[in-house]
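These are my notes from going through one model, element by element. I wrote down what I looked up and what I found.

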Amino acid sequence: MAHAGRALLDAVRTRARGWTELAYPDEPGLLDELQEWVDRLNGPYPARAEAARAHSAASARMAEQAAGAALRRNELTGRAGGLRQELAALEAGGRRPPQPPPTRTAGLRERLTGAPLWRLVDFEDELSEGERAGLEAALEASGMLDAWVLPDGAVLTADSHEVLLAPAAGPVRGTSLARLLRPAVDHGDAGAAAVGEDTVARLLTTIGTGPEADEPSGERSGEQRAEPVDELGGEAGTWAAVDGRFRVGALTGRWTKATAEYIGEGAREAARRSRVAAIRAELDLLQGELATIAEQVATVAARRRVLDTEVADVPDEGALTRAHARVAVAAESLHRTGERREERAAALVEAAERRESAAADLTRTAEDLRMPADEEGLTAVRDALGSLAAVLAALWPALRERGEAGGQAADERAEAGQAAERAAELTARTKEAESEAAAADERFSTLRSTVGAAVDELQRMLAQTAEALRTCESEQRAGHRRHAEADRAAGKAEGRIEQLHEGLREAAEARTEAVAALQRFTDTGLMAVALPGIEVPAVDGGAWAATPAIALARAVDAGLSATDDSDSAWERVQRRLSEEFKTLQDTLSRHGHSASARMVEDGMVVDIVYQGRERAVPELAEALAAEVGELARILSAREREILETHLVTEVAGTLQELIGAAERQVRDMNVELEERPTSTGMRLRLVWRASRKAPAGLAQARDRLRRSADIWTAEDRAAVGEFLQEQIARQHTDDASGSWLDHLTAALDYRTWHEFGVERHQHGRWVPATGPASGGERVLAVSVPLFAAASSHYASAGSPYAPRLVTLDEAFAGVDDDSRAKCLGLLHAFDLDVMMTSEREWACYPQVPGIAIAQLSRIDEVAAVLVTRWEWDGTRRRRGPDPARPEHSIPVPRAEAAGGGPDPLWN
């Protein structure tokens, strides 16, 4: 652990000295803090925390520099664009007019007939360049140079703001501008041609040249010039002199300029060329400054990359953390080893006591049994007992085998005696047979010698007779055998006949019972319910015959062949039968009627007491159908109109409110999405549109429902009512077994008519967000609308202190860090309380004002998980307090205890 701490300190010191952009403000203090942290791991990693703060400060400075450079670049780019436009206009032959005053109505001159004064006059040839410049300066400063000259009789509208040159007095007495300027009307210009040279000449005579104006350079200097005086006898109230002085009534002043720029085609051309040269020079300067700014931006970006690289190059504290963990594990192991050693020592003392007690018991027992008490003697006794046990184990099988062998020997002796007696008997019989054979041979020889050939013939006949006798005996045996077999076959046939008679009797009884059961089942009326059109045999007060009953059974089988008769179907029918019977009982009981069930054969018959009379279900169904039909026929048109009016007014009004509320909620969510764009500039919106399974005519119905019901026409009311009735009828057709409440609930559920979609703004139009996009954009396209939806949902809470909880698992996987920060900032902007899990996300961003963190760490060889708690306050991450602490403490290793070292890592 000490080696890992020194290595971390050396790495921090070495890398800090090699950094160029990232710098610790107080490196010695940081190293001291890091030295203390290395020993205790108290709080966050100081090097990384200080590096983060230094990185934030440096990033802020660089951002300010980049923002300033961008602002200056935008400013210069705008100026350059304006200059290029002006240059293009000048190079195309255009003229640059004087700067218009802010009091002029924009675009007015394009609609007026006439021209400004500078486009209607030119200098007299005898004027010098200085005089021309001074006279133009006086006219420009006084406002007369760019004043608009209208044709005679033309007037302006009341809402037109313009400066006109239209003197009310006549020509001045004395020198006027007619001696310095001459009319120069461009007849190719319709507006200037409309003014005319006569109007310009009269206008110049009404403006003087000043009380002390020098003669033009082409005139004689000694000639006296009278001061301009108006026709009333006073001094001219409006004049402009060649030295730049001017007067307009009570207003007087002076201005100078180097050269004339506007009066005269030559001056204007010279001014145009001068301006073109000036613009080009200024554009060159702007281009150079833009290049310098681009270099500054590139330098700032490179420095920012270096800064990011350096902050990422902060030495990792993982090795030290693992070393501390291993030390803690070793301390814990040492503690457990000490506990086990103490337990073993106590067990050893207890075992020694038990050994002493056992030795004393052994001595007493040995004395009582007169056996040795020492180990060698007991070992010899144990060996002898073992040998004895082995001998006894072999003795008992030997004794058992000996007894069995003795029994076998006795049996064999008895069998030998019997064999000897049998042999003696056979020997005696052999001797008697030999005597008889000898006597027979003797008699045969005697007879043969006495009788001769007759005897031979007789013997042959006897042999033939014996052969025939043997043949007869053989045939007799075969006949006896065949007789026995025939006797046995006859017995089996009689038994089979009896068995078949019994089976026929049982089958007849079963058929009779089945016919009776079928007749009883038919009598319950259930047959008519299942197969209404089937023909039932006539009863005639007795049982059914077999033939019509069999025909009925076959007709029932054919009519119900498509019915599922599996076990599962039977179970479903049983369950549904119970539910339907319960519903029937509840419905009838509310109206004062009752229903009872009784089991018949394999079915259940329901009897209903309706209006005091007991009725079967088919009979009651027919009666109710007839009653309903009759009620439907007597239902008046006025009542149907009332129902339709209720459907249109109340139901349609409620649907109008609900659909309007949904659209407003979607609009609110889109407003929140519009106010919170992503860092990539991706804009999203939610759309609530008709679903692909929407009913026909929904678009027209929604258009009418968006309008107030008070302004509906009769056609609108009929269309809305027809649409709603179609939905109810379609739901009734799809689910004939449901109740009217179920039908109305499903048919008027406007949510099934619509679906939500997410769209993104791309290339100037809104497209579905499910198109091609990066992984981060896809995550944002799903997450950001959900944030907006959650915020809109929580906004319905009545209390401002109600929780606004959102849980995220593996939050923002596949999203870059900047987008993560923006997303977490969006969570804060939406005022949502987030609880999330992530493999690497700490959520320590400036956009997050505060968050509590539980970091889980695990080491492979340690069967435990370390939980460290941190708190982020928007600027700094600090170690948080543990909610509970173990009661025991880990002992300090001896080396640290002896040297007064630091506290253990965990207490």
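**Entry 1: the E16–E17 pair.** I began with isoleucine 851 and looked up its bridge partner in E17, which is tryptophan 872. Strand E16 covers residues 851-858 and strand E17 covers residues 865-872, and I count them as an antiparallel pair joined by 8 bridges. I note here that the model is a predicted one.

**Entry 2: the chain as a whole.** I then stepped back to the totals, which give 21 helices and 18 strands for the protein chain. The chain has 907 residues, of which 29% count as buried. For contacts between residues at least 6 apart in sequence, I noted that 66% join residues at least 24 apart.

**Entry 3: the sheet E5-E6-E7.** I next looked up an open sheet of 3 strands, which has the order E5-E6-E7 and antiparallel pairing. Its edge strands are E5 (238-240) and E7, each of which pairs on one side only. Averaged over the sheet and with direction ignored, neighbouring strands are turned by 15° against each other. What packs on this sheet? Helix H4 (residues 129-142) does, touching E5 and E6, and its direction makes about 35° with that of E6.

I then went through the pairings one at a time. E5 and E6 are antiparallel and share 3 bridges, and within this pairing tryptophan 239 has arginine 247 of E6 as its bridge partner. Strand E6 (residues 245-248) and strand E7 (residues 251-254) are also paired in the antiparallel sense, over 4 bridges, and here I find arginine 245 bridged to arginine 254 of E7. The hairpin formed by E6 and E7 leaves 2 residues between them, and in that turn glycine 249 has a positive phi of about 65°.

**Entry 4: H3 against H7.** For the next helix pair I looked up helix H3 (residues 46-91) and helix H7 (residues 265-312), whose axes are 8 Å apart and which pack at an angle of about 160°. That angle makes H3 roughly antiparallel to H7, since angles over 145 degrees are counted in that class. The crossing of H3 and H7 is left-handed.

**Entry 5: the sheet E11-E12-E13.** I turned to another open sheet of 3 strands, ordered E11-E12-E13 and paired in the antiparallel sense. Strand E11 (684-690) and strand E13 (765-768) are the edge strands, each pairing on one side only. From one strand to the next, the twist averages 45°. Strand E12 (residues 754-762) runs antiparallel to E13 and is joined to E13 by 4 bridges; in this pairing, arginine 760 has valine 767 of E13 as its bridge partner. Helix H16 packs on the sheet and touches E11 and E12, with a direction that makes about 110° with that of E11.

**Entry 6: the buried side of H16.** Which residues of H16 are buried? In this helix, which spans residues 698-706, I find Leu698, Ala701, Arg702, Arg704 and Leu705 buried. They cover an arc of only 165° around the axis, and therefore lie on the same side of H16. As a general point, an α-helix has 3.6 residues a turn, so residues three or four places apart point the same way.

**Entry 7: H16 against H17.** I followed H16 to helix H17 (residues 714-734), and the two axes come within 10 Å and cross at roughly 130°. On the H16 side the contact is made by Leu698, Ala701, Arg704 and Leu705, and on the H17 side by Asp716, Ala719, Val720 and Phe723. I recorded the handedness of the crossing as left-handed.

**Entry 8: glutamine 727.** Last, I looked at one residue of helix H17, glutamine 727. Is glutamine 727 buried or exposed? Its relative accessible area is 3%, so glutamine 727 is buried, the cut-off being under 20%. Leaving out residues up to four places away in sequence, glutamine 727 touches Pro695, Ala747 and Trp753. I also checked glutamine 727 against aspartate 749, from which it is 22 residues apart in sequence and 9.8 Å apart in space, C-alpha to C-alpha.

Key: Residues are numbered from 1 along each chain as its sequence is written. This is a predicted model: local features need pLDDT of at least 70, side-chain atom pairs count only at pLDDT 80 or more; totals for chains, interfaces and linings use all residues. Side-chain values use heavy atoms; hydrogens and water are left out. Buried means under 20% relative accessible area, exposed over 50%, partly exposed in between (1.4 Å probe, protein chains only). The arc is that of the directions from the helix axis to the C-beta atoms. Two strands pair if DSSP finds at least two bridges between them. Axes are lines fitted to C-alpha atoms, for helices over the stretch in contact, and angles run from 0 to 180 degrees between N-to-C directions. Contact means heavy atoms within 4.5 Å. Angles under 35 degrees count as roughly parallel, over 145 as roughly antiparallel, 65 to 115 as roughly perpendicular and the rest as oblique. A crossing is left-handed if the near helix is turned anticlockwise from the far one by less than a right angle, and right-handed if clockwise.
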